[in-house]
Amino acid sequence: SANFRFPADAPDAQLLCICGGDGTVRLVLEAQDDLAGLPPLAIYPTGTINLLARELAYPAEPQAFAARLESTAQPRSVTVARAGNALFLACASAGFDANAVAAVSLGLKARIGRLAYVAALAGQLWRWPRQTLEITADGEHFSAEAIFVLRGALYAGPWTLDRRAGLAAP
């Protein structure tokens with residue numbers, strides 16, 4: 001649950017397993033007072049697209065997931081980023097993409113899964129707001145209709161916008 005608080009709810013936990021998608025992971029982490037004090041995290045991918053679980057190679061098959069947790073492999077370190085006061089883990093966007101994601105019908109998503117994003121994207125194409133964003137990055141100013149900030153290598157499933165991006169990158 002996004003109301004989970006460590007250490008109050010599980011003071012002796014040695015591992016925190018979050019079952020859900022990228023949004024669920026973000027909600028759980030945003031609810032924490034001290035991210036640095038959390039035990040190692042694992043993500044069981046039950047969300048729609050699961051960018052985090054894909055990049056971190058967490059399998060959806062339960063026995064393979066359990067075997068991964070039981071392995072002696074060192075945990076991977078992931079840097080959490082912020083856009084204003086909001087955490088983001090894989091990517092953040094503003095403009096067309098963000099409008100499409102915000103327009104996703106949760107009822108439709110429950111019925112048809114990731115195709116609900118395609119439906120929302122089609123709706124955006126139909127009534128594209130053509131908004132202009134004024135952006136300053138590294139001291140350079142430019143105008144754009146969308147901006148993508150990548151923490152992870154993946155975007156919208158198995159695709160990437162920048163091969164240099166990665167969850168472990170600074």
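Modeller: A residue counts as buried when its relative accessible area is under 20%, as exposed when it is over 50%, and as partly exposed in between, using a 1.4 Å probe and protein chains only. The structure above is a predicted model, in which local features need pLDDT of at least 70 and side-chain atom pairs count only at pLDDT 80 or more, while totals for chains, interfaces and linings use all residues. Residues are numbered from 1 along each chain as its sequence is written, and side-chain values use heavy atoms, with hydrogens and water left out.

Biologist: How many helices and strands are there in the chain?

Modeller: Helices (H or I, at least four residues) and strands (E, at least two) are DSSP runs, numbered from the N terminus. Going along the sequence, these elements follow the pattern β-α-β-α-α-β-β-β-α-α-α-β-β-β. The chain therefore has, with elements defined as such runs, six helices and eight strands.

Biologist: What percentage of the 170 residues of the chain count as buried?

Modeller: The C-alpha atoms fill a box of roughly 50 × 45 × 30 Å along the principal axes. Accessible areas come from the Shrake-Rupley method with a 1.4 Å probe, and for residues only the protein chains shown count as cover. The accessible surface of the chain comes to about 10600 Å², with 56% of this belonging to carbon and sulfur atoms. Of the 170 residues, the part that counts as buried is 31%.

Biologist: Which residues of H6 are buried, and what arc do they cover around the axis?

Modeller: H6 has 12 residues and reaches 17 Å from its first C-alpha to its last, close to the 16 Å expected at 1.5 Å a residue, where the expected span is 1.5 Å times one less than the number of residues. The buried residues are Ala116, Ala120, Gly123 and Gln124. They lie on the same side of H6 because the arc that they cover, taken from the directions from the helix axis to the C-beta atoms, is only 100°.

Biologist: What does the cover of the buried residues of H6 include?

Modeller: A contact means heavy atoms within 4.5 Å. What covers the buried residues of H6 includes helix H4 (96-102) and H5.

Biologist: Which elements do the buried residues of H1 pack against?

Modeller: The buried residues in H1 are Val25, Val28 and Leu29. Seen down the axis, they fall within an arc of 95°, so they line one face of the helix. They pack against strand E1 (16-20), strand E2 (41-45), helix H2 (51-55) and strand E4 (86-88).

Biologist: How far apart are the closest N and O atoms of arginine 26 and glutamate 30?

Modeller: A salt bridge is a side-chain nitrogen of Lys or Arg within 4 Å of a carboxyl oxygen of Asp or Glu, and by this rule the count comes to three. Arginine 26 and glutamate 30 both lie in helix H1 (residues 22-30), four residues apart, about one turn of the helix. Arginine 26 is partly exposed at 32% relative accessible area, and glutamate 30 is partly exposed at 34%. The two form a salt bridge in which the closest N and O atoms are apart by 3.2 Å.

Biologist: How many residues apart in sequence are the parts that arginine 130 and glutamate 145 tie together?

Modeller: Arginine 130 forms a salt bridge with glutamate 145, the closest N and O atoms being 2.7 Å apart. Arginine 130 lies in the loop between helix H6 (115-126) and strand E6 (133-137), and glutamate 145 in the loop between strand E7 (140-144) and strand E8 (146-150), so the separation of the parts tied together, in residues, is 15.

Biologist: Is arginine 164 buried or exposed?

Modeller: Aspartate 162 forms a salt bridge with arginine 164, and their closest N and O atoms are 2.9 Å apart. Aspartate 162 is partly exposed, because its relative accessibility is 24%. At 72% relative accessibility, arginine 164 counts as exposed.

Biologist: Which residues does leucine 108 touch, not counting residues up to four places away in sequence?

Modeller: Leucine 108 is in helix H5 and is partly exposed, with a relative accessible area of 23%. Leaving out residues up to four places away in sequence, leucine 108 touches Gly113, Ala116 and Ala119.
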